[in-house]
Amino acid sequence: MGWVAHSTTTLSFQLLEIAGREGVSLTTVLTTHHHWDHTRGNAELVHLRPGLAVMGADERISAITRRLAHGEELRFGAIHVRCLLTPGHTTGHMSYFLWEDECLDPPALFSGDALTVAGCGWHLEDTAQQMYQSLAKILGTLPPQTKVFCGHEHTLSNLEFAQKVDPCNNHVQAKLSWAQKRDDDDVPTVPSTLGEEFLYNPFLRVTEDAVREFTGQVAPAQALEVLCRERARFQLALEPSQPQVGALLALQWGLLSTPQKK
Ligand SMILES: [Zn+2]
């Protein structure tokens, strides 16, 4: 059994419990990128399951045992995994495209922070041009019915930003109303589908008139760069009202001394 990691101490135990209940053994952890909130459980899982393979594309990934290459295909029983290098958020960000033999379900994409519902990881370690390639040429060419499982529930703030970028887009408004209801009911907004993302995610719509107008840029990579900058500014404007949230989270994760991006 493979697992795409977004793990914590508690989750490590929960994960092994689920695997036990399902009668499968955990053999491999597929990690999207090295940020702490995507890798912190790796070392503990290896400790709990000696011999566990930890895979990813970046040597900074905690407890990594094997570097994967773009285009590489892995197989776990009937499940196929294609490794897609999607630099931008980090230089070594890998996304994983999964499908299963003789299964009618649509394929799944574990996109980490490269693509989230209505957004993306806007902190750039790479160039905007690189991120544009990842979003438009690598992820954007997958089948539209692909289910997108991203690493965060940032859907509401992403859609609020999308509304600012693209105020006349009815798909943004509809998805925002839907996400607010999901949030009220305390149920997840993940997954979406890739086809849906093209309707409301400004980071996938950089060639649309509304995004060009908002960014003042015609070239897609430059528009994307402005979007990332504006998204960061938008987040900063949201956060001063609740500065304690970030600090509490950092305390929980034992990270107060080392500010990190996610
Ligand atoms: Zn990240």
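**Helix α9 and its neighbours**

Hi everyone, let's start with a pair of helices: α5 and α9 pack at about 120°, their axes lying 11 Å apart. Axes here are lines fitted to C-alpha atoms, for helices over the stretch in contact, and angles run from 0 to 180 degrees between N-to-C directions. Helices (H or I, at least four residues) and strands (E, at least two) are DSSP runs, numbered from the N terminus.

A word on the source: this is a predicted model, where local features need pLDDT of at least 70 and side-chain atom pairs count only at pLDDT 80 or more, while totals for chains, interfaces and linings use all residues. Residues are numbered from 1 along each chain as its sequence is written.

So, how do α5 and α9 lie to each other? They are oblique, the term for angles that are not under 35 degrees (roughly parallel), over 145 (roughly antiparallel) or 65 to 115 (roughly perpendicular). In this contact, S157, F161 and K164 of α5 meet R231, F234, Q235 and L238 of α9; contact means C-beta atoms, placed from the backbone, within 7 Å. By class, that makes three nonpolar, two polar and two charged residues. Nonpolar covers Ala, Val, Leu, Ile, Met, Phe, Trp, Tyr, Cys and Pro, charged covers Asp, Glu, Lys and Arg, and the others, Gly among them, are polar.

Which residues of α5 are buried? In this helix, residues 155-165, they are T155, N158, L159, F161, A162 and V165. They sit on the same side of α5, because they cover an arc of only 160° around the axis, taken from the directions from the helix axis to the C-beta atoms. Those buried residues pack against α6 (170-184), α7 (194-200), α8 (209-215) and α9 (220-238).

Now look at α4, residues 128-139: its axis comes within 8 Å of that of α9, crossing at roughly 100°. The two are therefore roughly perpendicular. Here A128, Q129, M131, Y132 and A136 of α4 meet P220, A221, Q222, L224, E225 and C228 of α9. Eight of the residues in this contact are nonpolar, two polar and one charged.

One more stop on α9, at A232. Having 13 C-beta neighbours inside 10 Å, A232 counts as partly exposed; buried takes 20 or more, exposed 12 or fewer, with C-beta atoms placed from the backbone. A232 is 6.8 Å from W122, C-alpha to C-alpha, though 110 residues separate them in sequence.

Finally, the whole protein: ten helices and ten strands, with 39% of its 262 residues buried.

Note on methods: Contact = placed C-beta atoms within 7 Å.
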